[in-house]
Amino acid sequence: KVNLVLEVLGRGQDYHDICSIAQTIDLCDTLTNEPATDILFTCSEPELLESNLVPRAARMLQERCSISSGAHIHLVKRIPWAAGLGGGSSDAAATLLALNRMWRAGLSHEQLVALGAEIGSDVPLFLVGGTVLLEGRGERVRRLPNLAETHLVILVPHTPSPTGKTGLMYGRLRPEMFTRGQFVRAASFALERGGHIPEALLFNVFEKVAGDVFEGLTEDRALLGRTTGKIAHLAGAGPCLYALLDSERMAKAAAAQLLELGRRAFAARAIGADRTHSDSL
């Protein structure tokens with residue numbers, strides 16, 4: 001996913017109160033599930049075996065529904081991790097959808113969304129999919145009118161994410177950076193009127209602090225701008241950057257140009273809820 005708009009309204013006792021419009025995209029990992037006597041999780045990236053949301057989601061579903069069956073779950077990573085794209089949360093959501101069906105657990109969509117919120121703040125948005133409004137800590141999700149056909153190019157910066165990146169980013173926000181939801185309201189109105197969000201409304205509060213956390217991000221932003229002729233936007237809490245382009249051809253050409261320069265980049269497009277869920281089963 002990318003956050004088209006990401007505002008922080010204030011800080012509560014335990015978490016920051018956000019208001020955001022997120023969009024699911026077709027950049028994805030691959031998960032396979034096979035029946036087994038216990039839950040076995042393997043991954044193409046060994047460093048992601050620990051603290052992964054996928055086995056956590058499987059075990060929570062198993063325990064909540066008193067399931068005696070297990071599953072061998074294998075994850076092939078493609079989405080950059082700890083990069084602001086929600087890859088781990090999307091994998092957890094896909095796991096819930098797939099195992100609910102394979103185990104015949106019988107949870108409704110609303111029950112899966114509630115369970116997803118216990119696993120992680122971003123998991124519910126992937127269970128809804130498409131263009132969505134996020135509120136609270138991100139666990140309250142409401143579907144919005146679909147974004148019109150939109151293509152993106154995503155640039156993965158060289159700089160690694162620091163440990164505890166998301167908490168670090170929130171910790172650097174100051175009260176004067178908080179907003180009142182005005183960008184989300186204006187963008188939602190634009191979606192209702194025609195499915196497009198003007199570039200001027202693509203706001204992300206973390207843009208105000210990202211340059212202090214991710215070394216070289218200013219240069220990466222300039223590179224993406226030169227390559228696409230568009231404004232580079234921060235994905236979530238970063239450090240990935242994205243630009244919105246007018247066609248698939250333009251997105252693929254920009255990604256290819258960045259790859260020729262030795263950079264990691266992807267062409268992607270926005271997808272609706274129907275595509276998000278059909279690809280997860």
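Figure 1. A disulfide is defined here as a pair of cysteine sulfur atoms within 2.5 Å. By this rule, the structure holds 0 disulfides. Cys240 takes part in none, as the nearest cysteine sulfur, which belongs to Cys28, is 15 Å away. In general terms, a disulfide is a covalent bond that links the sulfur atoms of two cysteines. The structure shown is a predicted model, in which local features need pLDDT of at least 70 and side-chain atom pairs count only at pLDDT 80 or more, whereas totals for chains, interfaces and linings use all residues. Residues are numbered from 1 along each chain as its sequence is written, and side-chain values use heavy atoms, with hydrogens and water left out. Cys240 has a relative accessible area of 0% and is therefore buried; buried means under 20% relative accessible area, exposed means over 50%, and partly exposed covers the range in between (1.4 Å probe, protein chains only). Cys19 is likewise classed as buried, because its relative accessible area is 8%.

Figure 2. Asp29 occupies the loop between strand S2 (16-23) and strand S3 (30-36). Strands (E, at least two residues) and helices (H or I, at least four residues) are DSSP runs, numbered from the N terminus. Asp29 counts as buried because its relative accessibility is 12%. A polar atom of the Asp29 side chain lies 2.6 Å from the backbone nitrogen of Arg78. The distance from a polar atom of this side chain to the backbone nitrogen of Ile79 is 2.7 Å. Such pairs are judged by the rule for a polar contact: N or O atoms within 3.5 Å, where, within protein, one must be able to donate a hydrogen and the other to accept it, and residues adjacent in sequence count only if both atoms are side-chain atoms. Contact in the wider sense means heavy atoms within 4.5 Å. Apart from neighbours within four places in sequence, Asp29 is in contact with Leu75, Val76, Lys77, Arg78, Ile79, Gly87 and Asp91.

**Figure 3. The largest pocket.** The volume of the largest pocket is about 1200 Å³. The closest to its centre, of the 44 residues in the lining, are Ala82, Ser89, Asp122, Lys165 and Thr166. Strand S1 (2-11), S2, helix H2 (87-102) and helix H5 (165-172) are the elements that give two or more residues to this lining. H5 contributes the most, with 5 residues. On a 1 Å grid over the protein atoms alone, a pocket is an open set of points with protein on both sides within 12 Å along at least five of seven lines, whereas a cavity is a set where a 1.4 Å probe fits but cannot get out; lining residues have an atom within 4 Å of a point. Grid points are joined across faces, edges and corners, and a volume is the space filled by probe spheres set on the points. The lining of the largest pocket comprises 16 nonpolar, 18 polar and 10 charged residues. Ala, Val, Leu, Ile, Met, Phe, Trp, Tyr, Cys and Pro count as nonpolar, Asp, Glu, Lys and Arg as charged, and the others, Gly among them, as polar.

Figure 4. Leu49 lies in the loop between strand S4 (39-43) and helix H1 (53-64). With a relative accessibility of 36%, Leu49 is classed as partly exposed. Neighbours within four places in sequence aside, Leu49 is in contact with Phe41, Thr42 and Cys43. Ser51 is located in the loop between S4 and H1. The phi of Ser51 is near 55°, a positive value in a residue other than glycine. Ser51 counts as exposed because its relative accessibility is 77%. Ser66 is found in the loop between H1 and strand S5 (70-76), and its phi is near 55°. Ser66 is exposed, with a relative accessible area of 66%.

Figure 5. Leu234 belongs to strand S9 and counts as buried because its relative accessibility is 0%. Pro239 lies in the loop between strand S9 (233-234) and strand S10 (241-245). Gly238 and Pro239 are joined by a cis peptide bond, with omega about 10°.
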